[in-house]
Amino acid sequence: NENTWFIGDIWGTWCPPCVEELPAIQGYSDSCKKLPQIHFVTFAFQSPGVAAFLEKKGYHFPVYPIDDTFNELLHIEGFPMKIIISPEGKYRLLHYKKDWQTRIQELIPGF
């Protein structure tokens, strides 16, 4: 859809702040399913045990595997990291902050 915003969360099971915010990520993912203009996914480093970790915790948000190449392409320096891509293909990285949901709402018109 030409009016769709893409929001991604980049995380790893070895990252304490990432794991700490996963309940909020699950809630955010569930909320975004009701918004046709938002497509939300997560990207996790494929360390052993990601699938088992998700199952044990009961998370069911979309997760795509990544490796260090992904970091290099986007110049990612810390985790968790959010990426927002506009319908025009422009992107912005949001470094770890407790108010990431508010920041995303400020960046997306009409959200």
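Cys-32 counts as buried, at 3% relative accessibility; buried here means under 20% relative accessible area, exposed over 50% and partly exposed in between, with a 1.4 Å probe and protein chains only. The model is a predicted one, in which local features need pLDDT of at least 70, side-chain atom pairs count only at pLDDT 80 or more, and totals for chains, interfaces and linings use all residues. Residues are numbered from 1 along each chain as its sequence is written, and side-chain values use heavy atoms, with hydrogens and water left out.

With a disulfide taken as a pair of cysteine sulfur atoms within 2.5 Å, the count comes to one. That one links Cys-15 and Cys-18, whose sulfur atoms are 2.4 Å apart. The torsion about this S-S bond is about 75°, so the disulfide is right-handed. Cys-15 and Cys-18 are both buried.

Ser-29 sits in helix 1, residues 16-32 (helices are DSSP runs of H or I, at least four residues, and strands are runs of E, at least two, numbered from the N terminus). Ser-29 is tucked away too, buried at a relative accessible area of 3%. Leaving aside neighbours within four places in sequence, Ser-29 is in contact (heavy atoms within 4.5 Å) with Phe-40, Phe-61 and Pro-62.

Then there's the loop between helix 3 (68-74) and strand 4 (81-85), which holds Pro-80. A cis peptide bond, with omega about -5°, joins Phe-79 to Pro-80. His-75 is found in the loop between helix 3 and strand 4 as well. His-75 has a positive phi, near 60°, despite not being glycine, and is exposed, with a relative accessible area of 59%.
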